[in-house]
Amino acid sequence: MQVHSIMKNVPMSAQKMREVVRQIQGLPALEAQAVLQFVTRKSARFVAKTLNSAIANAENNNKVNPETLTVKEAVAGTATSMRRFTPKARGSAGPIIKRRCHIKITLSDE
């Protein structure tokens, strides 16, 4: 049985998010929760929130025991970026790209 949880449009670049997501891939779900508690990055809070949602989906929707779950797949992909402009020298404009990402976590009991 596979259970998914997706958090969309997280206000952080996917590159920063992938550093945390790679740490929990392949771990048991409860151990991944413990690892994320002690990671001192802002992105760890978003990943922990998504992981908790996936565990709750497995418990409530599929009646699966959380001790048997493992993180099969944890992916951070890019979302649409907001483009802003700031004034530069001689009347020109410099771009500011505010990046966003999607987090997808898949849990499996196999």
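This is a predicted model: local features need pLDDT of at least 70, side-chain atom pairs count only at pLDDT 80 or more; totals for chains, interfaces and linings use all residues.

## Stop 1

Select Asn9. It is partly exposed, with a relative accessible area of 39%.

Asn9 sits in strand 1. Now check its backbone. The phi of Asn9 is near 55°, a positive value in a residue other than glycine. Most residues other than glycine have a negative phi.

## Stop 2: Ser13

Move along to Ser13. You are now in the loop between strand 1 (2–10) and helix 1. Is Ser13 buried or exposed? It counts as buried, because its relative accessibility is 15% and the limit for buried is under 20%.

Show what surrounds Ser13. Not counting residues up to four places away in sequence, it touches Arg99 and Cys101.

## Stop 3: the two sides of helix 1

Select helix 1, residues 14–24. Colour Ala14, Met17, Val20, Val21 and Ile24: these residues are buried. They cover an arc of only 125° around the axis, so they lie on the same side of helix 1. An α-helix has 3.6 residues a turn, so residues three or four places apart point the same way.

Turn to the other side of helix 1. Gln15 and Arg22 are exposed there.

What do the buried residues of helix 1 pack against? Their partners are strand 1, helix 2, helix 3, strand 2 and strand 5.

## Stop 4: helix 1 against helix 3

The crossing is right-handed.

Show the side chains at this contact. Helix 1 supplies Lys16, Met17, Val20, Val21 and Ile24, and helix 3 supplies Ser43, Ala44, Phe46 and Val47. Sorted by class, seven are nonpolar, one is polar and one is charged.

## Stop 5: the buried side of helix 2

Select helix 2, residues 29–37, and highlight Ala29, Ala32 and Leu36, which are buried. They cover an arc of only 55° around the axis, so they fall on the same side of helix 2.

Look at what lies against them.

## Stop 6: helix 2 against helix 3

Show helix 2 and helix 3 together. Their axes come within 10 Å and cross at roughly 155°. Helix 2 is therefore roughly antiparallel to helix 3. This crossing is left-handed.

Which residues make the contact? From helix 2 come Ala29, Ala32, Gln33 and Leu36. From helix 3 come Ala44, Val47, Ala48, Leu51, Asn52 and Ile55. By class, the contact has eight nonpolar, two polar and no charged residues.

## Stop 7: Thr50

Stay in helix 3 and select Thr50. Its relative accessible area is 1%, so Thr50 is buried.

Now show its surroundings. Leaving aside neighbours within four places in sequence, Thr50 is in contact with Ser5, Ile6, Met7, Ile103 and Ile105.

## Stop 8: Lys63

Go on to Lys63, in the loop between helix 3 and strand 2. Its relative accessible area is 69%, so Lys63 is exposed. Check the backbone here as well. Lys63 has a positive phi of about 55° although it is not a glycine.

## Stop 9: Lys98

Finish at Lys98, in strand 4 (residues 93–98). With a relative accessible area of 42%, Lys98 is partly exposed.

Use the distance tool on the C-alpha atoms of Lys98 and Arg83. They are separated by 6.3 Å, with the two residues 15 apart along the chain. Then show the contacts of Lys98. Apart from neighbours within four places in sequence, they are Ser81, Met82 and Arg84.

Conventions: Residues are numbered from 1 along each chain as its sequence is written. Side-chain values use heavy atoms; hydrogens and water are left out. Buried means under 20% relative accessible area, exposed over 50%, partly exposed in between (1.4 Å probe, protein chains only). Helices (H or I, at least four residues) and strands (E, at least two) are DSSP runs, numbered from the N terminus. The arc is that of the directions from the helix axis to the C-beta atoms. Contact means heavy atoms within 4.5 Å. Axes are lines fitted to C-alpha atoms, for helices over the stretch in contact, and angles run from 0 to 180 degrees between N-to-C directions. Angles under 35 degrees count as roughly parallel, over 145 as roughly antiparallel, 65 to 115 as roughly perpendicular and the rest as oblique. A crossing is left-handed if the near helix is turned anticlockwise from the far one by less than a right angle, and right-handed if clockwise. Ala, Val, Leu, Ile, Met, Phe, Trp, Tyr, Cys and Pro count as nonpolar, Asp, Glu, Lys and Arg as charged, and the others, Gly among them, as polar.
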